[in-house]
Amino acid sequence: MFVSASGLAKSYDTGVVTPVLRGAALELDRSRIGVILGPSGSGKSTLMNIIGGVDRADEGVVEVDGERITDLDDDGLVEYRRESVGFVFQFYNLVPNLTAGENIEVVSNISKQPLAIDEVLAAVGLTEKKNRFPRELSGGEQQRVAIARAIVKNPKLLLCDEPTGALDIATSRDVLAQLQRVNTQFGTTILMITHNVAVAEMAHAVFRMRDGEVEHATQNAEPVPAERISW
Ligand SMILES: Nc1ncnc2c1ncn2[C@@H]1O[C@H](COP(=O)(O)OP(=O)(O)OP(=O)(O)O)[C@@H](O)[C@H]1O
Ligand SMILES: [Mg+2]
């Protein structure tokens, strides 16, 4: 398995100890799209953050492409995040006084084997907007820049936490189509959190979380092109 998480447990102590993950597990093959669904507070972001090396589990094991992430020390995690993981969030977090191209270049400059900036801009359909500042772009376009910025380092794993959470339906569909294109064109393995059950149709694998566990994992033999999803 390209991504393998098992037995993940995590609690927060805020006066009372609250378990947030209770033995969560998932497996995702290389170059697949996996979608995580589940109610608010079920532990989706916590699980994704542990897989992405931005948070640590109390117990359990995460392996990505044969590397045991849960054994890494802090320096190892920094290196893993920088080299292997791309992140896309609900809010795009672009640097406002840099153009689209420059926002991507910042990440490209610190990557070992970056893709070409023009190639990733073309992949998300933004070649014409390279010299625009974020305020001169629509929300969907800003999210596409954020996707380009996340993939320019050619990450092993692209983690997306509610990437369409701030977008309307038509724009969401467009952003999801760009993610599907990235998956096909670069073979990037993608794990995406969404509240939207319909989005599961575009995934190869669907993980349903409840109360800190992955309750159901299903495979999708025929993922639907994002353009054809309706909700
Ligand atoms: N730093 C923290 N300290 C205490 N509790 C936390 C912390 N981070 C998360 N939690 C709690 O852990 C639980 C799971 O949070 P998480 O963010 O993983 O949920 P989620 O499934 O992503 O929810 P949402 O759909 O609302 O984003 C929540 O009940 C949350 O309040
Ligand atoms: Mg969340």
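Reader: Which residue in S8 stands opposite Leu158?
Author: Ile190 in S8 faces Leu158. The model is predicted: local features need pLDDT of at least 70, side-chain atom pairs pLDDT 80 or more, while totals for chains, interfaces and linings use all residues. Residues are numbered from 1 along each chain as written, with chains lettered from A and ligands numbered from 1 in written order.

Reader: What joins S9 to S3 and S10?
Author: Strand S3 (residues 33-37) runs parallel to S9, with 4 bridges. Gly34 sits opposite Ala205 in S9. S9 pairs with strand S10 (residues 213-219) in the antiparallel sense, over 6 bridges. Val206 is set opposite Thr218 in S10. That hairpin has 2 residues between its strands, and Asp211 takes a positive phi near 45°.

Reader: Why do S6 and S10 stand at the edges?
Author: The open sheet has 6 strands in the order S6-S7-S8-S3-S9-S10, with mixed pairing. Strand S6 (85-88) and S10 each have a single partner strand, so one side of each lacks a neighbour in the sheet. Neighbouring strands are turned by 15° on average, direction ignored; axes are lines fitted to C-alpha atoms, and angles run from 0 to 180 degrees between N-to-C directions.

Notes: Two strands pair if DSSP finds at least two bridges between them.
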